[in-house]
Amino acid sequence: MRSFRQDIEDRARSFRRCRSWLLVIAIGGGSVAAGCGTNSAVATGPTQVKCQVALAAQSSNMGPEGGAGTVTVTTSPECPWTVSTGVPWLSGLSPASGQGSGTVEFRVEPNPQPSVRDGDIVVNDNRLRVSQQASPCRFELRPGSLALDADGGSRDVAVSAATGCSWTAAADAGWIAFTTPVAGSGDGTLSVSIAPNPGGEPRSGTIALGNQKVPVAQAAAGLSCTYTIGLTADVAIAASGGTGVVAVSTGAGCAWTVSSNVAWITVTSGAGGTGNGAVAFSVAANAGSARTGIITMAGRTFMVTQAAAAGTCSYTIGAIDASMAAAGGTGTVAVSTDPSCSWTA
């Protein structure tokens with residue numbers, strides 16, 4: 001019978017003949033194994049979990065006027081991410097990259113089209129859809145009024161509208177006729193024919209298109225009319241609003257009309273008449289960005305510009321970051337804002 005001592009010595013000799021040792025170490029959910037036998041080792045480890053990113057937005061459905069919004073990025077602290085977009089009307093992505101959870105700011109430009117548009121903000125491989133509502137169709141007619149002598153004649157009225165905005169023109173007097181189609185879409189031109197006025201009194205009518213109207217005034221028979229207005233330059237109004245008065249000069253019995261193409265400019269007196277006269281208008285206070293409007297009187301037009309309200313200016317820059325060589329250098333950054341908005345760098 002083998003003694004206990006002999007058994008221990010045999011085991012020691014066996015271990016000394018081994019070319020490698022087996023060692024088992026638990027690491028997370030796997031192990032590394034080694035031991036007496038071969039000189040190979042088998043290693044297993046936990047499967048690396050891919051960084052997952054979750055996105056949420058407070059302003060993913062924007063109005064036609066645009067504005068600012070934020071995207072909340074939720075992920076693990078060690079996970080990096082970058083932000084991008086493929087549409088030009090989404091801008092100001094800040095920050096453009098980060099690690100762990102964070103918040104990204106973005107800006108949506110005003111939508112000039114009468115149709116909904118969609119774009120994506122991309123964070124790594126994840127996409128967040130941003131939708132913007134369509135702008136209502138707006139029409140501008142130039143000139144905003146027509147004044148003719150008794151002989152009548154032809155005039156063109158330019159129609160400005162966004163692509164996709166359909167319109168139909170109409171006149172409320174039989175002596176006003178159209179020589180071009182009265183229906184269209186987007187920009188176009190209305191050719192108007194005014195019949196001679198056989199009567200001894202001036203007459204007036206209206207051309208209507210969408211929410212815009214063009215007054216038409218025609219002088220009485222036997223008169224040849226010319227018109228001048230007492231204004232030689234465009235008018236600038238402060239954001240708080242203001243008023244103005246413009247004189248109209250013409251012959252006795254010569255009819256004329258006045259109109260504005262925007263709701264915030266109101267003709268308060270002298271909206272039309274015959275012979276010499278004066279037109280008073282008022283401009284409402286501006287609560288938004290800088291704006292322009294057109295007043296047409298006696299067939300003459302002038303522009304009214306109004307400054308932006310304080311604190312309403314928005315700015316975008318043409319670069320998020322820039323890399324420079326060690327030796328230094330120069331660079332430029334484009335700044336976009338309303339003409340009346342000042343800025344410093």
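This is a predicted model: local features need pLDDT of at least 70, side-chain atom pairs count only at pLDDT 80 or more; totals for chains, interfaces and linings use all residues.
A nonpolar core here is a set of buried Ala, Val, Leu, Ile, Met, Phe, Trp, Tyr and Cys residues joined through side-chain atoms within 4.5 Å, with buried meaning under 20% relative accessible area (1.4 Å probe, protein chains only). Strands are DSSP E runs of at least two residues, and helices are H or I runs of at least four, numbered from the N terminus.

As for Phe302, its contacts (heavy atoms within 4.5 Å) beyond four places in sequence include Ile229, Leu231, Val246, Phe281 and Met297.

Four strands line up as β22-β24-β28-β26 in an open, antiparallel sheet, where pairing takes at least two DSSP bridges between two strands. β22 (228-229) and β26 (265-269) sit at the edges with a single partner strand each, so one side of each lacks a neighbour in the sheet. Antiparallel β24 and β28 are joined by 7 bridges, and Ala247 stands opposite Ala278 in β28.

Overall, the chain has 1 helix and 32 strands, and 34% of its 345 residues count as buried.

Residues are numbered from 1 along each chain as its sequence is written, and side-chain values use heavy atoms, leaving out hydrogens and water. Local features need pLDDT of at least 70 and side-chain atom pairs 80 or more, while totals for chains, interfaces and linings use all residues.

Notes:
Buried means under 20% relative accessible area, exposed over 50%, partly exposed in between (1.4 Å probe, protein chains only).
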